Protein chains: 4
Amino acid sequence: MSTQKFGAGIWHFATFVDRYATDGYGPPRSLIEMIDLAGTVDDLSVVDINYPFVDPDLSLDAVSAALTRNNLSVIGITPEIYTRQFAKGAFTNPDPGIRRLANEMCNDAARVVRHFGADYVKLWPGQDGWDYPFQVDHRKLWQASMDGVGELASQNPDLKFVIEYKPREPRVHMSYDSVARTLLGIEKIGLPNVGILLDFGHSLYGGESPADAAQLAIDHGRLFGMDVNDNLRGWDDDLIAGSVHPIELFEFFYTLRKNKWEGVWQLDQFPFREDSVQAANAAIDFLKMCERALDKLDFDAMQAAQDRQDAVATMRLAREALFTSY
Amino acid sequence: MSTQKFGAGIWHFATFVDRYATDGYGPPRSLIEMIDLAGTVDDLSVVDINYPFVDPDLSLDAVSAALTRNNLSVIGITPEIYTRQFAKGAFTNPDPGIRRLANEMCNDAARVVRHFGADYVKLWPGQDGWDYPFQVDHRKLWQASMDGVGELASQNPDLKFVIEYKPREPRVHMSYDSVARTLLGIEKIGLPNVGILLDFGHSLYGGESPADAAQLAIDHGRLFGMDVNDNLRGWDDDLIAGSVHPIELFEFFYTLRKNKWEGVWQLDQFPFREDSVQAANAAIDFLKMCERALDKLDFDAMQAAQDRQDAVATMRLAREALFTSY
Amino acid sequence: MSTQKFGAGIWHFATFVDRYATDGYGPPRSLIEMIDLAGTVDDLSVVDINYPFVDPDLSLDAVSAALTRNNLSVIGITPEIYTRQFAKGAFTNPDPGIRRLANEMCNDAARVVRHFGADYVKLWPGQDGWDYPFQVDHRKLWQASMDGVGELASQNPDLKFVIEYKPREPRVHMSYDSVARTLLGIEKIGLPNVGILLDFGHSLYGGESPADAAQLAIDHGRLFGMDVNDNLRGWDDDLIAGSVHPIELFEFFYTLRKNKWEGVWQLDQFPFREDSVQAANAAIDFLKMCERALDKLDFDAMQAAQDRQDAVATMRLAREALFTSY
Amino acid sequence: MSTQKFGAGIWHFATFVDRYATDGYGPPRSLIEMIDLAGTVDDLSVVDINYPFVDPDLSLDAVSAALTRNNLSVIGITPEIYTRQFAKGAFTNPDPGIRRLANEMCNDAARVVRHFGADYVKLWPGQDGWDYPFQVDHRKLWQASMDGVGELASQNPDLKFVIEYKPREPRVHMSYDSVARTLLGIEKIGLPNVGILLDFGHSLYGGESPADAAQLAIDHGRLFGMDVNDNLRGWDDDLIAGSVHPIELFEFFYTLRKNKWEGVWQLDQFPFREDSVQAANAAIDFLKMCERALDKLDFDAMQAAQDRQDAVATMRLAREALFTSY
């Protein structure tokens, strides 16, 4: 029987806004409503929660109560360092006062992590980067990207900080844009409590092989978390996991298993026009199919075929395991 | 002296929201405030206005007054057929009641066009399309895309309807996705008052040559309008025109001049983090540079070099004209 | 029992060259050797053959004999209108003498089609297009693209001509770049014997939904042929069919079945580093899996779910059929 | 007066082959013919030469003589580790015998570097990577990528080795795919004589900002060389430098000047259908325009505007310098 834990960003259960449907894809939902929805997913154990809460009057205790009644725990806290005041960046904002605010907000998030006994503060600096040629001094921008994370990790040595890299959006180019760039920065920061949260979709549309990205992060001892979704390789569509690229997703899980990486399999989906519970169930059903397929896959034969770069043999092994595990 | 008219979508002067900065990139602005900002741009004559207005109490007369005091007139009206209720499409919505609403909203927009003496209703069906493999019946979806536009054009034979095609966003794939697809649909609709509003950036990131797209629309007698901006060829970044791809933008204007196409040169930019008036001025300054360069360009020599596909000679002619026209 | 016929471009069994491995990915193979290899694929009935043959002394009779002994017949002939002399285009070459040569080579191919009782001349004008901004007069280029095909179709009213569109390569942009552009051209040509050969991979990396492209071509009565392969959506990688995008490939076949389109399912793969027979078998095995899945799929339920754009329901139906048909 | 040196890969003056025009885009040229062509370019000082020579009988002395009479010297030697025998990789080939061959060929190239007094051995491992999901063990592949380079650098401590990274082609994914990945590998190798040869086009179509990539490599002390060209951001088109993205190219040179990086500005273009000398002159003319623009640019004002991320101000400064320097 499966012991794999599944999780989701709590925003999966929000209703969304974009630059056109400014009235949102549905009526706004409170955090408590989102948690109650998450609780109805068939097999969900943990959630990642944004902080500060949209409702400033919402207490941590009220959130705890909602989580408890839904059998959910918190894996991470995501500080909202990408809203209006951070439009030109959090760690790299030209205004030192804003950089200070970002640091404070992340330290607040650290306290919430401790409160919930969660695993990490998740840093997603989506506004840190640039839009135009010539707009920034690239040396300074990158230095500030590293300094901002390093400062947090130094201030909170008891906690883990994970960077979720992404090629772009909302900034036209994000400074933490790829697995290799992020690892390069982390090595420079040089602290043990900074790692990567690898988003399968970010890796895919950034032109990486997510399996290769996972292996690289693991080999550097920095794969602290992950989440999955799908897209058309050109944008962060945050579609339902497995809906477009089931084989590369299976290879991603294969890489985790092979390396005995045993964290939670999380979802980061934006079901703009779908029922969020159905979308989560559809994804997790495919994840469980992958799990069964891994139990069935002949790892030795796969390794042998990979060692001779035999594309047809590896494909047949992967197909046979995956396509018989529905 | 230049007689070229310049225009902009009035949303250029809004503050924007996206799925992350849900609190917006600045405080909201009323339509009147946007018009007053547009009036401060150095050389702007016309605007395209969304309808219905965000403020339901705002009267057409109040808008007229604001336009008049800013020396602006209206070129087109863009009905908001991409907000919450149209999340699964306007013309192609599975719900016939919503399709009816879309038709009514566009007919309302037609009345506003007549009120302002504008040129066209602009249809940008950004929610008409699909997100997932298998999600839609492609025959029915495309038929509905054509029927919706055809019905409007039949109901309002005195007015022009322009379709602004775009590859994607917010839908993962839009049904009117390219110049050729749109022309194919327009030919099938078979009415004289349906044409194309060609957005330079949509064409560019859709993998087209915007100059080729303009030529094709002109050759079909369907280039009814255009607007410009820039991007990194992977997404509709709506950057300042000329900031990344000045040469292809120059070729686009060259194609218009060569064909004696004499409409307004409009902007469709989203200056999320920039001052909107400065962003408009920076774009129009480059457009005027293109205009001067066209006055200087040796069209006969260019034609002769194109007729032998001489890439080096055409490049040198274009460079010499453009890079000496600052 | 399956009655589906499978085919392949004979070049699938060649060894390849590219701009780096100019000594080729293996020793050159003669056409006869390629045919003998094709004959060893488990379930292959037809091939598409390039003409003129590399070996000018090879007779049609020798080719026929090789085909016969391998139980293969010819579905189409592909004239080589993309080699050195056509570097600046076949139908759109600036030199009228070269355009004449292209016409003659295609007429020769037509004679070979008749000789073999094949279905069509396949036109793949890979050098017709442009590389640089400003390089060509887009009106003239497109007109010549249509004229060249139209002339051939008029000269050979007894035969079918199929255009295989492709976004780019070897030209940086091909004039027949998409399904819609090609249909627009075909409608303008206005002859019944011109249609489309839809390459799944070209459609995919051109940003189309191949299922939508197939539906559109069918609705215009112009889907005369098709072939499949796979890629990473950014280039014409010609990978083994089903290796990366099994779900969209299944949707493509679903669309054909739904429309009762009953032609051959062909392969257009370039197994640079793989055994070509193994690569063909691996692809056809997946194609047969798709066939079994179509037999099992609940078409009525799928239609009903599509009619309400229910992404989760359509995904579950597709998954259940496909992932239980290994 | 300019003291900037210009260079080119000698292959710029070859005639090219691709997978379609297998007869080449013109008659083959000998290395001596290429050198004589290079000598006719208006302002070219150095070349990068492939080794082994296509003609095995060609002596180093004959090459030296040709270089001397054309006033050219050698900047680097590029071993041909991407031809047939290396189809599955040079440093990462599954066959240890082939890995040995790659090492020997690169050591041969090192001897030729010494003979010519050149600056470096250029490693472009275009066949090192993968094509399919599941095809390779990513840990082993990356380790072998680093080991192969590290072994060479250890064997030749007196020489520099530069890695020219590239996202893909001919392999569907190259192991040295980006600036950050390559720097990560170089840091792991840990030797002072391994650096980066930054190709502007590879960076651009890999989704990087080439200016940012250059800054990062400089900040790691590893920018040992560079070359330029242009493309449409989706493939390594190797178009004439400045023909599509003049502004980003200018930003790239700005970054070099700002950091007092004083190496040769080289070309890596593939003028398939153009006269190679004209193509080189057209590029170098634009490079000189950039040089003049840098002399004119107000670096302090630019820095101040960058320090506040003022996109409009930086754009205006860049435009004014560049567009007045024809």
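Mentor: Asp199(A) stands opposite Asp227(A), a residue of strand β9(A). The model is predicted, so to speak of a local feature requires pLDDT of at least 70 and a side-chain atom pair counts only at pLDDT 80 or more, whereas totals for chains, interfaces and linings use all residues. Residues are numbered from 1 along each chain as its sequence is written, chains are lettered from A and ligands numbered from 1 in the order of writing, and side-chain values use heavy atoms, leaving out hydrogens and water.

In chain A, β8 (residues 194–199) and β9 (residues 223–228) run parallel and are joined by 4 bridges; strands pair if DSSP finds at least two bridges between them. Strands (E, at least two residues) and helices (H or I, at least four) are DSSP runs numbered from the N terminus.

The two strands belong to a barrel of chain A, closed by 8 strands with parallel pairing in the order β1-β2-β3-β4-β6-β8-β9-β10. On average, neighbouring strands of this sheet are turned by 30° against each other, direction ignored.

Helix α5(A) (residues 179–189) lies across β6(A) (160–163) and β8(A), and runs at about 170° to β8(A). Contact means heavy atoms within 4.5 Å; angles run from 0 to 180 degrees between N-to-C directions, with axes fitted to C-alpha atoms, for helices over the stretch in contact. Helix α9(A) (residues 276–296) packs on the sheet, where it touches β1(A) (6–9), β9(A) and β10(A) (265–267). The direction of α9(A) makes about 155° with that of β10(A).
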